[in-house]
Amino acid sequence: MSTEYRRIVELVSLTLKDLGFIGADIDRLTNDLPNYWEQHGDLLVIPSTSLTLPQWESVDLIKTAVLKAFYNCYGCLRIAKQTSVSKNVLRTPNVVLLVGDTGTITRRENNITYAYDVTKCMFAKGNITEKLRIAKFNCIGETVVDLYAGIGYFSLPYLIHAGANFLHCCEWNDDAVVALRNNMKLNHVDESRFAIHRGDNRLVCPRDVADRVNLGLIPSSRPGWLTACLALRPTGGVLHVHHNVTTMSRCKSTMRRNIADSMSTQSVAGGEATTPLGTDNRTIQPIVLDIADSGSTTTQRISTATMSLSDDPLAPPLVDGGDTTPHYPHGLDTTPDSANRCDHLYTPRLECHGSCDSPNLCRRRLWEFWGKTFIVGDIGKLLEYRGSIKWQVRLIGVNKVKSYAAHTYHIVYDINCCPMSI
C-alpha cells in the first residue's frame with residue numbers, strides 16, 4: 001500500500017465517520033477506493049474497478065468524502081471514471097465525469113500543449129517515446145500525411161519540432177477534429193502549414209503528395225496501408241507503420257524451416273522480402289514459419305489468423321480495373337464486432353524456438369522478422385495499385401514505443417518505398 005493511497009484512505013475514513021458511517025461500512029467503502037489514478041491538472045481520472053458500491057452513486061457523498069480527500073492531497077476539483085477505450089473504429093474513450101462541469105483538460109509535453117475533453121477524446125501518454133523520436137526528425141521541406149491524426153499527438157511534433165513544410169491531418173472523429181484545430185491554434189501553428197481532412201482516411205486522404213506518411217493506429221494500422229501507399233509522391237518516401245506485436249520466448253536449440261504446403265510466396269521488387277499470399281491475392285492464409293537466421297541457431301515461429309480482405313470492412317478498398325475510385329462493397333462498419341475482428345486478425349503472435357543470447361535480442365529478432373517478411377511484402381504488393389512501376393521496399397527501422405501485458409508491444413516500423421526507376 002503506497003503512502004499516497006494510505007493518506008487518501010485515512011482522510012476518507014475520517015469523513016465517513018463524521019457522516020455517521022460505522023466501522024464495517026467504512027472498511028467496505030474505503031476498500032472500494034481507487035488504489036491508482038491519473039491526474040490531469042485539477043481533474044482526477046480513476047479506474048472502473050473503483051467506487052463500484054451502491055453508496056457511491058450519491059454524487060454528494062463522492063464530493064464530501066472522495067473529492068475532499070484528493071483536493072487536500074492534490075488540489076483536484078473534478079473526478080472522472082475511466083473504463084476501456086470503446087471497441088469501435090473511432091477508438092473513443094469510455095470516461096464518465098462524476099464531479100465537475102467539463103472534462104476538458106490541458107497537458108504539456110515536450111513544449112507542446114494539448115487540450116482535449118477526456119470524455120470524448122483519448123490521449124495515449126505512453127506514446128511519448130515516439131513523439132520524442134519524431135521531434136528529432138529532419139522534415140524541413142517535406143510534406144507529411146498523418147493518418148488517424150486524433151487531437152494532434154504526432155501532427156504537432158512533426159510541425160513544431162521536426163520542421164515539416166506542410167502536413168495533411170486525416171481524422172474522422174468529430175470531437176478529435178475540434179480538439180485538433182484548437183491545438184493548432186494553442187501552439188501558434190500557421191494555417192498555411194497544414195490542412196485537416198475530416199472523414200474516413202481512405203476517402204479523404206490526398207494522393208501523390210507525401211514524402212512520409214505516419215500511420216499511428218493500433219493494434220494495427222493495416223486498414224490504412226493502401227491509403228498511405230497512394231499518398232506517397234511518385235518519387236517515393238517513408239511510411240511509419242504502427243503495429244502491436246505479441247512475442248513469446250520459448251528458446252531451444254533447433255534449426256528448421258517448415259512452410260504449409262498450401263502457401264505461395266510473392267516476391268517484392270528487388271528481392272527485399274516475401275509475403276504469404278492466397279491463390280486470389282486477397283487472402284492471408286494461416287501460416288506457421290520456423291526461420292533459422294543465417295549463422296545462428298534461432299528458430300522463429302510466426303502464427304497468423306485467416307482473413308479475407310474482400311470480406312473485411314476495414315480492409316483496403318477494392319479498385320476496379322481502370323477505375324481509381326475506391327469501392328467499399330460492404331460499407332464502413334463501425335460496430336464493436338468489426339473492431340474486435342480487426343484486433344484479432346491484425347495482431348501477430350510470434351514465438352522464438354531457438355537459442356538467443358538474451359530476451360531483448362530474441363524479441364528484436366522477432367520484430368524485425370515480422371517487419372521484413374510480412375509488412376514489407378504487403379506494402380510492396382499494395383504499391384502495385386499505383387501502376388506498372390516496380391518499387392523497392394525496405395525496412396529501415398524498428399522502434400519500440402511501449403509494452404502491454406501478455407508480452408504485447410507497440411512497434412513502429414519505418415518502411416522506405418522507392419520506385420525502381422529513381
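Axes are taken here as lines fitted to C-alpha atoms, for helices over the stretch in contact, with angles running from 0 to 180 degrees between N-to-C directions. In these terms, the predicted model places helix H1, which spans residues 3–18, against helix H3, which spans residues 59–74, at an angle of about 140° and with the two axes 9 Å apart. Since angles over 145 degrees would count as roughly antiparallel and those of 65 to 115 as roughly perpendicular, H1 and H3 are therefore described as oblique to each other. The crossing that H1 and H3 form is right-handed. On the side of H1, the contact is made by Glu4, Arg7, Ile8, Leu11, Val12, Thr15 and Leu16, while H3 contributes Leu61, Thr64, Ala65, Val66, Lys68, Ala69, Phe70, Asn72, Cys73 and Tyr74. Sorted by class, the residues in this contact of H1 with H3 comprise eleven nonpolar, three polar and three charged ones.

H1 also packs with helix H2, formed by residues 23–30, and here the axes come within 10 Å and cross at roughly 140°. H1 and H2 are therefore likewise assigned to the oblique class, and the crossing in which H1 passes H2 is right-handed. The residues that meet in this pair are Tyr5, Val9, Val12, Ser13, Leu16 and Lys17 from H1, together with Ile26, Leu29 and Thr30 from H2. The class composition of the contact of H1 with H2 is six nonpolar, two polar and one charged.

Turning to the aromatic side chains, the count of ring pairs with centres within 6.5 Å comes to six.

Ile218 and Pro219 are joined by a cis peptide bond, for which omega is about 10°, and Pro219 belongs to the loop between strand S10 (212–215) and helix H8 (225–231). Leu51, a residue other than glycine, has a positive phi, with a value near 50°, and Leu51 is located in the loop that runs between strand S2 (43–47) and H3.

Methods
Residues numbered from 1 in each chain as written. Predicted model: local features only at pLDDT ≥ 70, side-chain atom pairs only at ≥ 80, totals over all residues. Heavy atoms only, no water. Helix = DSSP H or I, 4+ residues; strand = E, 2+ residues; numbered from the N terminus. Parallel < 35°, antiparallel > 145°, perpendicular 65-115°, else oblique. Left-handed = near helix turned anticlockwise from the far one by under 90°. Contact = heavy atoms within 4.5 Å. Nonpolar A, V, L, I, M, F, W, Y, C, P; charged D, E, K, R; others polar. Phe/Tyr/Trp six-rings, centres within 6.5 Å; stacked < 30°, edge-to-face > 60°.
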